[in-house]
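Here is a short briefing for someone meeting this structure for the first time. Keep the sequence and the 3D view open while reading.

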Amino acid sequence: MILKFTIPGNPIAKQRHRTAILKQCRKCQAKTVRAQCRCGSFEFNFLAPLETTPKETRMYENLVAMVATEANKVNGGILISSPVRLTATFYFAIPPSRSRKLKEGDPHSQRPDLDNCLKSIEDGLNKVVWSDDGLVSQIIAAKVWSNQPRAEIEII
């Protein structure tokens, strides 16, 4: 099975998750993650750590899932459960300030890191194209400059 699709827009790298501590105010019993309660108190009981993925990462992974779902309809929406090869080419928009120095297809050698771009694709495809991203046994990837930012994905 071969699955090809293009994700429009500038590729977004997987960002680190954030951890905040959920606290309960001793004075008014309100729950918060802030340093000061809305009642003005600084005295809290600590309840639990809250781990969240940044909104930009979640939104990009949802876009990846949506585009992949449409592409996978050709295969009946069946989840892959055998080893796959992932080929990904990330095309980043050429900034106007560098348009004289950079050409279409020039290597992109700055942040975001290639491996973090791959993570956002792999995580976006979990439970959409494959059962788990651990099935990826081979990766071919590149980052380049382009006038049309996008990510082109091929799964074999």
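**Helix 1 and its surroundings**

Helix 1 has 18 residues and spans 25 Å from its first C-alpha to its last, close to the 26 Å expected at 1.5 Å a residue. The model is predicted.

- The buried residues of helix 1 are T57, Y60, E61, V64, A65, V67, A68, A71 and N72.
- An α-helix has 3.6 residues a turn, so residues three or four places apart point the same way.
- What covers these buried residues includes strand 1, helix 2 and strand 7.
- M59 also lies in helix 1. M59 counts as exposed because its relative accessibility is 52%, and exposed means over 50%.

- Strand 1 and strand 7 are antiparallel and pair over six bridges. Here F5 stands opposite I153 of strand 7.
- Strand 5 (residues 84–93) also runs antiparallel to strand 7 (residues 150–155). Six bridges join strand 5 and strand 7.
- Strand 7 is largely enclosed by the rest of the structure, because five of its six residues are buried.

**A closer look at T87**

- T87 has its place in strand 5.
- Is T87 buried or exposed? T87 is buried, because its relative accessible area is 18% and buried means under 20%.
- Leaving aside neighbours within four places in sequence, T87 is in contact with I140, E152, I153 and E154.
- M59 and T87 are 28 residues apart in sequence. In space they are 22 Å apart, C-alpha to C-alpha.

- Another open sheet has three strands, in the order 3-2-4. Its pairing is antiparallel.
- The edge strands are strand 3 (31–32) and strand 4 (44–52). Each pairs on one side only.
- Strand 2 (residues 18–25) and strand 3 are antiparallel, with two bridges between them.
- Q24 stands opposite K31 of strand 3.

**The nonpolar core**

- In soluble globular proteins, nonpolar side chains tend to be buried together.
- The largest nonpolar core here has 32 residues. Those with the most contacts inside this core are F5, I7, L125, V129, W130, I153 and I155.
- Strand 1, helix 1, strand 5, helix 2, strand 6 and strand 7 are the elements that give two or more residues to this core.
- Which element gives the largest share of this core? Helix 1 does, with six residues.
- F5 touches V67, A68, A71, L125, A151, E152, I153 and I155, not counting residues up to four places away in sequence.

**Cysteines**

- How many disulfides does the structure hold? The structure holds zero disulfides.
- A disulfide is a covalent bond between the sulfur atoms of two cysteines.
- A disulfide needs the two sulfur atoms within 2.5 Å.
- C28 counts as partly exposed, at 35% relative accessibility.
- C117 is buried, with a relative accessible area of 0%.

Note on methods: Residues numbered from 1 in each chain as written. Predicted model: local features only at pLDDT ≥ 70, side-chain atom pairs only at ≥ 80, totals over all residues. Heavy atoms only, no water. Pairing = 2+ DSSP bridges. Helix = DSSP H or I, 4+ residues; strand = E, 2+ residues; numbered from the N terminus. Expected span 1.5 Å × (residues − 1). Buried < 20%, exposed > 50% of the residue type's maximum accessible area, 1.4 Å probe, protein only. Contact = heavy atoms within 4.5 Å. Core = buried A, V, L, I, M, F, W, Y, C linked by side-chain atoms within 4.5 Å.
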